Every structure is written in C-alpha cells, then in structure tokens.
Amino acid sequence: DGDLRAQRRKLPASDFASVARLREHMAVELGRPLEDVAIFSHPERASEKLADNVALAPGQELFVGLLAPVLLRVSLPEGQQTEGAWVPEPLPSVCVEFDGHVCGETNSDGCCELRVRAGTRHVRLRHAAFGPAGRLLEDMEVEYGRQNKRNVIADVRLYIYATDPEPDSEGETAEETDEPHLVEPSLIWVCCSRDQIPEGALGFTGRASGVGAGGRPVSTELSAADGPGVFVLLSGEEAEANSAGAHVSLASFSLEAERAGFLWRRKDPLPIVERAQELGGSEYLRLLACPTVIGFLEPTLSVQHASSPPFELSVQRFPTSAAVREELQERLGIPADEMVLYQGEEQLKESAVLEPGMQLRAVEIATVSLRAVTSCCGEPLSGVVISLDGKSAGSTNDDGSCSLTLVVGEHSVALDHPMIGRRGRAAREVSISRSEAKDMVIRLDPRLFVYVTDPDEEEEGAADDEDDLPMFDPSCVWLATDLSHIPEDAKPVEGCVSCTCGPKSGTDGSSCLLRARLGPDRLAAFELGPGAIPAAKAVAGPPELQGCFLGGFDLRCRRDDFVWKAKEPSPLAERLEELGGCELAR
C-alpha cells in the first residue's frame, strides 16, 4: 500500500507457514509497527484480511496493507435543548460494514473505533434509523499515519401502523344483554424500527407532520394501500450537508388518521410529546426500546338529520340511543327528549344498544294532545279510535283526549266512533312542528238514524170483549246515533228532518238551516252539524259553541194509512233545557 503498492516480493513458502510469520517479516522489512501491518487476500478490499492463524501454501498471492485508526461517531439530532443549546444524542448499536464486511458497531457513546486498511473504502451503516438499505458512505478515504474521523448524523425515521383488536375466541358467542358491551378500537402505534411492527399490522390514510431541520414544516401523506407508513422527520444526509439547524424534536410530531367506518381520536397529550417535555433527552431512543400507542380508530355509526350532513359518532363513546340523542342535543340545539332515532323504519328505544356500522336517522318529535268533541257544543267524546298514517295510535279517554307523540312533519289522522259519520271518519292532513301549539281539537259531526218500529201483534186466542172499544197502538219513530242501538225489526220511514246550526250570519242575524230527506226504501244514516254548513255560508275563524243543535231538531214523517204526530214537548229540547250539555252523548 502507499509507496510500496507496486513492489512485489517472492518469498520461500517453507519459511512462512502462517500469516503471523509473514506479517512479522513484512513489518520488519517495511519498517512499520507490527500492529499497523496486515495480510490480505485481495489487492483492494479491507474485508479480505487474513487472521494470524491462517496457514499459507505455496503459490499463494497475498497483499500487504497498512492499517489506520478510524473513529466513526453516529449521533441522533433529536431531543431537547440543554441550557439553550442542542446537544446531539449518541446512537448506539449501529452496525458498521467496511467493503461489505461487518467490522463492529457503535457503543453507548455512539462511537465505533476500528483499525482499517488504508485506502478508499466503502462504508455502510445499518440501523433502523437508516431504513432497510442503511446509510452508504461511498469513497471514504482512510489515510495511514493519521486519525481518520467521520461524524454521521442519523435519520429521524418513524413507522406508523394500526392494529385491530383481537377477534373473539373461536366458538365464543356474545351474550344477549341490554347492557352496552365494550367496542374496542383499533390502535395507532408509532415505532422506530420495522422489526417492531407486528404481523398483521395495517396501514391507514392520513397525514404525519412535524417541524424539521431549521424550523421547516415536514409532512408525509399516508395511504392504507401502502401498509404501515414511514415518516422521516429529518434526513441525516441533508442535515450533514447543511449543519445549521440540524436538530429536531418529536414534541412537534402530529398525526391525522382516516379509515372508513372509524373515527380518529388522538391521545391528548400525545405520549411522545408528553415524555419529551417531561423527561427531556431523546424520545426517539425511548421509542427504539418500545413502540407506543398515540391514538385510536374507534368504530362508528352514522346519524342523519335533515338540518346537517351525517354525523359519524364513536360507538365506544355513544353506545346507546340515549347517549346519541344527548350528543345531538349539544350539536343541534334540539332537546334530547324531542328527538327519536330510527334504524330503517324501526324506532329505537332509549336503551337500545348500538352497533358499529349502523345507519340511523334522527327525527324531531312533538307531543300533541288530540281532543275529540262534538261539533255543536264541544262535549268530549270518549272511545274515539285514532289512526295515524294508517296505523292504530290509541283512543280518547273520558275527557275526549289522547296524548300522541308524533314525528315533526305531515301526518294523516283518521278517527272512528259509532257516533260519527262519513265526514268525521275522513282522514285529516295535519302538520306537526315543535314550535307551534300542541293541542289539537277535532270537532265531529254526528251521523243520525231515523227509523220506525211497529207495535207487537196481539196474541192469538185472546178473548174478545164486546164492551171494549178497539185499541190501536201507534208505531214509534226513533232517533239514534249508534247503529248498534237499532233493533233488527226497525224499518225506514219517509220524511224530512231539519235543524238550525252554526253561528248567526253577520248579514241577517240568522243561523243556517240544515235539512235531510229520508227515503222509505232504505234505512240510511244522514249527517247534520256545523260541518255540513256550505262553505259559502260558513263564518270565518274558529267555530263558536252554540249549544246542542238537537234542541232545534224538527222531524216530519209520512206513511200510508198513518198520521204523523210529533212528541210535544220534544224530549230532546226538554232534556237540554233541564240537564244542559250535549244531547248527542245521551
């Protein structure tokens, strides 16, 4: 090597049976210390150094090289300031290769001291910080006779990955329970070595960022398709090229993560940030010892409300319908007790336990008091069956009332009762809102029946008394509102009914006169009441209570071979005068 590179020697093999004997001879001949002389099997590579105990054979071509001391110092430019200055952290356990041969590794001070063949060397450093390929120091000149030093700045390289919770043991089934069960999140980890990433680890979509050398923002986009992500906060090679500001801190690290069906929640504060601030030193070295969890991907459910885009909520934090409604109250400003949740067409109970992936609808509700009363004098009607949008919703109580909890919006309400007629049974379109009055009064016109019953025939064989005058019982004409009250032998009767109904007109001061014609061939219902007033004669505004219209009920009948005779006074008018109230209920 050096000045002696071109010189060759031919030596008797019998005098040099081992490398040790040859090395001693060449040290004397070259006038170099024995520890500086080495025997190699290759003219250039330092990796072909032969050990002293290697036996030599005739015909071998060997090469003498001079050894020079080399000091490699690897430092980590990550940590905290000490007394206003950045102090690099030594990086231990860095494997050092010269010309493809492992020669040693750095100690706890980040140093590796070697004696290496002088000349142009290829040096590769291997460590997790340098990535899978390591760091190549090409054409490093090792000079004999001097201390060869090289300072290397390591990369600050992080690996970020996700792990899903362990599945239930085979054969294990979840117990049926109304209690919320634990929904475990996926964990987001950060580490410094690929060897720390477990089998089955997942990538995810997101963005890692931090403050790089010189205060420059650094970020990397992460993709689920690429598997576990890699984030280089600082490149050692770039830092060596520009030593100014060649330091960073993992306290600046931040992460945003996305995954379909999951909600990102970072640990706050991040453990790596908290430890860096509390403990100082290098957080990178602590991560080299053990990965750490920095956040969670929590399984979600989706909640749609008409006033906003869908909400993605964590099932772990909102495991029940009640918990979701409380959260929506905070976000939408709608009281929780004025909302319900639907999954499809099914309304969820307050205690319903929710599952990841559920698609829910939040709808506003209002409690409405529906009251059914007679149209004439507002008397309550009990037992009125209520149908809401084609489904049974209950019936009115003794006060004629029924409390209904309805979804805000348009609804169809239908009522059924033996006393009400076709108009009363017709569906009504109602609009429900939380802000408007929640009392709904429905005034119902009755349906009426007029029929006749003939007297019972005299029993056969009855004795005739010549002194008795003949007695002829009349047929009775009846008024009813309930079809079930009409006997089987009832017959229709021809005639006409009329009554005054509704508030007095503003023009002539008279009420509206309603009439109905009765046919002799069929017993049919007819309807009288304020609802039958023609629109042209109706008075604008809410109906006024004028008392029971049956007080002015007038009936005239016609039947062959019979004479019509009305009861005087009318039992309807008489009872109304004595008892008041509504004659319809009686």
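The charged end of Arg259 lies over the ring of Phe262, 4.4 Å from its centre; a charge sits over a ring if NZ of Lys or CZ of Arg is within 6 Å of the ring centre and within 35 degrees of the ring normal. Arg117 is placed in this way too, with its charged end over the ring of Phe40 and 4.1 Å from the centre of that ring.

The model is a predicted one, in which local features need pLDDT of at least 70 and side-chain atom pairs count only at pLDDT 80 or more, whereas totals for chains, interfaces and linings use all residues. Residues are numbered from 1 along each chain as its sequence is written, and side-chain values use heavy atoms, with hydrogens and water left out.

The chain holds seven helices and 35 strands, which are DSSP runs numbered from the N terminus (helices: H or I, at least four residues; strands: E, at least two). Of its 586 residues, 40% count as buried, a class defined by under 20% relative accessible area, with exposed meaning over 50% and partly exposed in between (1.4 Å probe, protein chains only). Among contacts (heavy atoms within 4.5 Å) between residues at least 6 apart in sequence, 65% join residues at least 24 apart.

Rings of Phe, Tyr and Trp (its six-membered ring) pair if their centres lie within 6.5 Å, and planes under 30 degrees apart count as stacked, over 60 as edge-to-face and the rest as tilted. One of the pairs is tilted: Phe231 and Phe253 are 5.9 Å apart centre to centre, with 45° between the planes. This pair links distant parts of the chain, as Phe231 belongs to strand β16 (residues 229–234) and Phe253 to the loop between α2 (236–241) and β17 (254–258), 22 residues apart. Phe231 counts as buried because its relative accessibility is 0%, and Phe253 is buried at 4%.

Another pair, Tyr451 with Trp478, is stacked, at 6.3 Å centre to centre and 5° between the planes. Tyr451 is in strand β30 (residues 447–453) and Trp478 in strand β31 (residues 476–480), so the pair ties together parts 27 residues apart in sequence.

Helix α5 (residues 321–332) has twelve residues, which should span 16 Å at 1.5 Å a residue; its end C-alpha atoms are 16 Å apart, in agreement. The expected span is 1.5 Å times one less than the number of residues. Its buried residues are Ser321, Val324, Arg325, Glu327 and Leu328. After α5 comes Gly333, whose phi is positive, near 75°.

Glu97 is located in strand β6 (residues 95–98) and is buried, with a relative accessible area of 12%. Its side chain makes a polar contact of 2.9 Å with the side chain of Arg126.

Ser223, in the loop between β15 (217–222) and β16, is partly exposed at 29% relative accessibility. Ser223 and Thr205 are 18 residues apart in sequence, yet 4.4 Å apart in space, C-alpha to C-alpha.

Note on methods
A polar contact is a pair of N or O atoms within 3.5 Å; within protein, one must be able to donate a hydrogen and the other to accept it, and residues adjacent in sequence count only if both atoms are side-chain atoms.
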